Amino acid sequence: ESIVERLASAQEGEARPVELQVVQSPEVNAFALPGGHIFVLEGLLSQVRSEDELAGVLAHEIGHVALRHSIQNLARQMGVGWVLSAFWKDLDGLTALLLGEAGNLTQLAFTREQEAEADAFGVKLAARAGFRAQSLADFLGRLNEGRLQPAFLSDHPAPQDRQDRLSS
């Protein structure tokens, strides 16, 4: 929580409030939900090697909150549903499911774009708060090297691409 407070005080402009929760789970993951709720799984905490690495992860999640990615995704999902219902009035269950999954495929590219935005936001925020900006890239590189790639990375940019972008 002290890291979150330090990051929040370093934000430019009006910072959106965040609430941190640690969840008992061996998975290596952290995520942000609408309303500024950030969840960090204990598996991630067992893998970070420094306060700077944890700050990089938390700054990335704060980036999702500040950039309102959850709200954008909800609006996009609702939009896909509206478009589908406008074109096809009477969809059977299987057709609706297939079309819905096609909509999820288009969302994947946007999600990767949002991840890149949150990475860039997080690196800048961590640096402004006095943390080592390179630490998020170091952490991601270690996950990639150790093949600790958790399931959540399936909708993120490739770990090596992400690490390279953050290191430059």
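Helix H4 (69-87) gives the largest share of the lining of the second largest pocket, namely 3 residues. Helices here are DSSP runs of H or I with at least four residues, strands are runs of E with at least two, and both are numbered from the N terminus. A pocket is an open set of points on a 1 Å grid over the protein atoms alone, where a 1.4 Å probe fits, with protein on both sides within 12 Å along at least five of seven lines; lining residues have an atom within 4 Å of a point.

Please note that this is a predicted model, in which local features need pLDDT of at least 70, side-chain atom pairs count only at pLDDT 80 or more, and totals for chains, interfaces and linings use all residues. Residues are numbered from 1 along each chain as its sequence is written, and side-chain values use heavy atoms, without hydrogens and water.

Of the 13 residues lining this second largest pocket, those closest to its centre are Arg16, Pro34, Gly35, Gly36 and Val65. E2 and H3, like H4, each supply at least two lining residues.

I turn now to the sheet. Three strands form an open sheet in the order E1-E3-E2, with mixed pairing; two strands pair if DSSP finds at least two bridges between them. E1 (19-23) and E2 (30-33) are the edge strands, each pairing on one side only. E1 and E3 (residues 37-41) run parallel and are joined by 5 bridges. Which residue of E3 is the bridge partner of Leu20? The partner is Ile38.

Finally, consider H3, residues 51-66. Of its 16 residues, 13 are buried, so H3 is largely enclosed by the rest of the structure; buried means under 20% relative accessible area with a 1.4 Å probe, protein chains only. Just after H3, Arg68 takes a positive phi of about 60°.

Notes. Expected span 1.5 Å × (residues − 1). Buried < 20%, exposed > 50% of the residue type's maximum accessible area, 1.4 Å probe, protein only.
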